[in-house]
Each structure stands twice: as structure tokens, then as C-alpha cells.
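I record below what I looked up.

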Amino acid sequence: MIKPICPVCKKPLIKKERSFLCENGHCFDISKEGYVNLLHGKNKSGSLIGDNRDMALSRRDFLSKGYFSALSEGLIGMIKEYTEGTPVLCDICCGEGWYGEQVRNSINCELISFDISKEMLRLCAKRKSSDLCFVANGSSIPLESESVDLAFHLFAPFQEKEFSRIIKKGGTILTAVAGENHLFELKELLYDTPYKNDEAPPVTESLTLKEKRKFTKKVTLTSKDDIQALFRMTPYYYHTSDKDKAKIESLESLEVTTDFVVYGYKKENAEC
């Protein structure tokens with residue numbers, strides 16, 4: 001069962017018509033798209049933080065073409081191995097919800113999705129694949145302790161304390177990082193001496209690293225729009241000169257390696 005809590009007083013939230021309410025009278029309305037804003041404190045509107053609308057739309061359009069299917073298929077396989085019955089899953093920093101939708105289409109589960117970007121959540125909620133979709137910060141997740149069977153976490157800061165808190169004893173965190181050769185061909189276009197990623201796993205004291213799996217696939221981007229969308233999704237975009245960006249803008253197609261590493265962490269039954 002999904003168990004949201006009030007971000008203000010930490011009491012359980014109960015859905016009533018188009019709002020979530022707690023016993024202390026704090027009320028959070030459900031948007032027309034279907035998500036609820038549970039950010040609290042500074043920047044609680046969520047409108048000035050996280051990815052903007054153009055970035056969210058670009059990410060949605062790129063992922064919908066299946067270029068990163070190696071990761072989604074690998075993730076689904078691991079979730080099936082680590083869970084049984086109808087698990088409660090949490091898509092941490094879910095973005096526009098493409099990965100969560102692939103999971104929900106393949107696994108009978110209850111799915112929670114959240115991100116700090118309101119623009120991402122608008123798109124995620126429109127997919128109708130999440131049972132609960134909310135704006136929140138990964139450093140303060142408005143879910144009851146030990147209420148999630150498995151959480152997956154793709155390319156975002158690893159908030160060890162909160163992740164460990166929301167996962168049930170014996171539960172699992174799957175976290176993805178870029179593999180050593182991820183988008184290496186793109187780097188070759190941009191840099192004189194391209195570097196490989198180090199694949200380092202997030203360091204944690206409260207969770208036990210159980211395994212590492214790699215999922216790799218060559219894909220061909222067949223339009224300028226797709227190439228630009230991919231480029232804007234990477235950190236390289238913000239650290240590249242206009243001269244080097246022009247190299248990317250001139251391309252009509254691009255074959256790249258998608259290379260992902262997923263680490264599986266368990267929350268042991270013993271007290272952490």
C-alpha cells in the first residue's frame with residue numbers, strides 16, 4: 001500500500017476528492033494533470049527549480065523513440081527478480097516518466113513517481129501510469145518509513161539516508177550510472193581527448209551492494225532533432241563552446257553506444 005505523508009508535519013496524508021489532507025489540516029490539491037505538489041520550504045512552488053518545459057519535452061520526445069531501451073529492459077528484468085506479488089515501487093527522480101511507464105506496462109505493481117521539476121511531473125502524470133505522482137525533493141521524500149518494496153533511481157544524486165528510510169527491511173534500491181563507454185562517440189566529436197566514465201557505485205553505509213549489471217546497445221540517431229535532444233540531455237551541453245556545438249548541429253545521423261550500469265543494493269533485515 002502506498003503511504004504518503006505530509007511534508008509539513010509528517011502525518012499520514014489521506015486522499016479526499018481532489019486533495020490530500022493530514023490530521024493537522026494541511027491540504028495539498030491535485031493538479032488538473034493528476035500530480036500533487038509536496039515540496040515544502042524554500043522554492044516550494046517548484047516552478048523555478050529542476051528542468052524547464054523545453055528540457056522536459058525534449059527528453060520525452062527522445063526517450064519515446066526507445067533509444068535507451070537497453071536500460072529499461074534491463075531494469076525491468078532486475079525488478080522482476082527482486083520482487084514478487086504486487087510490489088510497491090518508487091521511481092525516484094522520475095523525470096517525464098518514460099522509464100516508470102515501461103515498468104508499469106511490464107509488472108503488476110503499485111507505482112510512485114516523483115521529481116523536483118514540476119514540468120517533468122506534468123508530463124509524467126499525463127502518462128497515467130503512476131498510482132501517486134508528486135513534486136518533491138529526494139532529500140526529503142514524503143513517504144512513510146519502510147513503505148516501499150523497491151525503488152529505482154536513474155542518474156540523480158544518491159540520497160542514502162532518505163532512500164534507506166523509505167525502503168522496507170529486505171527491500172531493494174536499483175541505481176543506474178553511465179557505463180564507461182556511454183555516448184563515447186559523442187565525446188569523440190567534442191573533445192580532443194575523450195574520457196571514459198569510471199562506473200563508480202554510490203558509496204553507502206546503510207545499504208549493502210549486492211551486484212552490478214551492464215546493459216549495452218548500439219543505436220543510430222536518424223535526425224538532427226534526435227541528436228540535439230540527446231546532446232541537451234547530457235552535461236556536456238553546458239560545458240561545450242559554440243564552435244564545438246556546431247560540430248553536433250551539422251550531423252544528419254549519429255551512431256552511439258548506450259552503456260548503462262545498474263547497481264543493486266539491499267536493505268538488510270538487521271537494524272542499520
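I began with Phe-158 and Tyr-265, and both are buried (buried means under 20% relative accessible area with a 1.4 Å probe, protein chains only; exposed is over 50% and partly exposed lies in between). I note that this is a predicted model, in which local features need pLDDT of at least 70, side-chain atom pairs count only at pLDDT 80 or more, and totals for chains, interfaces and linings use all residues. Residues are numbered from 1 along each chain as its sequence is written, and side-chain values use heavy atoms, with hydrogens and water left out.

Next I looked up ring pairs. Rings of Phe, Tyr and Trp (its six-membered ring) pair if their centres lie within 6.5 Å; planes under 30 degrees apart are stacked, over 60 edge-to-face, and the rest tilted. I found 12 aromatic pairs by this rule. Phe-62 and Phe-68 make an edge-to-face pair, with 5.4 Å between centres and 80° between planes. Both Phe-62 and Phe-68 are buried. The pair of Phe-158 and Tyr-265 is tilted, because the planes stand at 45°, with the centres 5.5 Å apart.

I also noted a cluster: ring pairs link Phe-62, Tyr-67, Phe-68, Phe-155 and Phe-260.

Finally I turned to helix 1 (residues 53-63), where Ala-56, Ser-58, Phe-62 and Leu-63 are buried. Helices are DSSP runs of H or I with at least four residues, and strands are runs of E with at least two, numbered from the N terminus.
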